[in-house]
Amino acid sequence: MGNANSCSVNNMQSVEMHLWYKKFMMECPSGQLMLHEFKQFFGLRGLEPNANAYIEEMFYTFDMNKDGYMDFMEYVAALSLVMRGKMEQKLRWYFKLYDVDGNGCIDREELFNIIKAIHVVRGTDEDEDSVEEFTNQVFDRIDINGDGELSLVEFIKGAQEDNEFTEVMMKSLDLSHIMHVIQSRGEGTSTPPSHPEGVSLSPAM
């Protein structure tokens, strides 16, 4: 993700950049989107602990220079990945998001907590047994060396070949609601969103 900002910005036309800048500054005049503003803007408040941790981890993956807020360049990079990013770029971002402890691999507990949080954020009703069963199925299919952890290579290869797992991840990055919110606010509508279905942020790579 080293050159994510510059690459993403280069992919956007100047007119489009100006439009995104106006909307970003309308919502965030300081030019610094903080975590609590991030949650408020996208209607992501009052979540249970797992889902809240997922949203916070997502915010921190967008905050690429780790200064505690998203600036406009990070915001654009996020939008660019979701709107134009190739599948492998998105999978690399997912891997970073799912690898909560940052040790370079994803274990069953990390994946279980993420999948459970995705369902909560999306408002879908899945009990823990179903989530655990799905998590185990994913590991059975894509943990090639059977060590109980998913490396980046296993994760990318497995996700590219496992349609069901890929579909769950893509839903966690569904921008349709977010784009509607941004578009509406850009046109002067200030009604905050209710608990969104299919929410997930525009990330960056």
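Is Lys39 buried or exposed? With a relative accessibility of 12%, Lys39 counts as buried, because buried means under 20% relative accessible area, exposed means over 50%, and partly exposed lies in between (1.4 Å probe, protein chains only).

A quick word on the model before we go on. This is a predicted model, where local features need pLDDT of at least 70 and side-chain atom pairs count only at pLDDT 80 or more, while totals for chains, interfaces and linings use all residues. Residues are numbered from 1 along each chain as its sequence is written, and side-chain values use heavy atoms, with hydrogens and water left out.

**Salt bridges**

So what does Lys39 pair up with? Its partner is Glu56, and the closest N and O atoms of this salt bridge are 2.8 Å apart. The two sit in distant parts of the chain: Glu56 belongs to helix α4 (residues 49-62) and Lys39 to helix α3 (residues 35-41), 17 residues apart. Glu56 is partly exposed, at 23% relative accessible area. To be called a salt bridge, a side-chain nitrogen of Lys or Arg must lie within 4 Å of a carboxyl oxygen of Asp or Glu. Helices here are DSSP runs (H or I, at least four residues), numbered from the N terminus.

By this rule there are six salt bridges. Here are some of the pairs:

| Pair | N to O distance |
|---|---|
| Glu56 and Lys39 | 2.8 Å |
| Glu88 and Arg92 | 3.2 Å |
| Glu128 and Lys116 | 2.5 Å |

Look at Glu88 and Arg92 next. Because they are four residues apart in helix α6 (residues 87-98), about one helical turn separates them. Glu88 is partly exposed at 37%, and Arg92 is partly exposed at 38%.

Now for Glu128 and Lys116, whose salt bridge is in the table. This pair also links distant parts of the chain, with Glu128 in helix α8 and Lys116 in helix α7, twelve residues apart. Glu128 is partly exposed at 43% relative accessibility, whereas Lys116 is buried at 16%.

**A negative patch**

Which residues form a negative surface patch? They are Asp127, Asp129, Glu132 and Glu133. Patch residues have over 30% relative accessible area and no salt bridge, and like charges are joined within 9 Å. Asp127 lies in the loop between α7 (108-122) and α8 (128-142), and at 46% relative accessibility Asp127 is partly exposed.

Notes
Patches are made of residues with over 30% relative accessible area and no salt bridge: like charges are joined within 9 Å, nonpolar side chains (Val, Leu, Ile, Met, Phe, Trp, Tyr) within 5 Å. Accessible areas come from the Shrake-Rupley method with a 1.4 Å probe; for residues, only the protein chains shown count as cover. Lys and Arg count as positive and Asp and Glu as negative; His and the chain ends are not counted. The place of a charge is taken as NZ of Lys, CZ of Arg, CG of Asp or CD of Glu.
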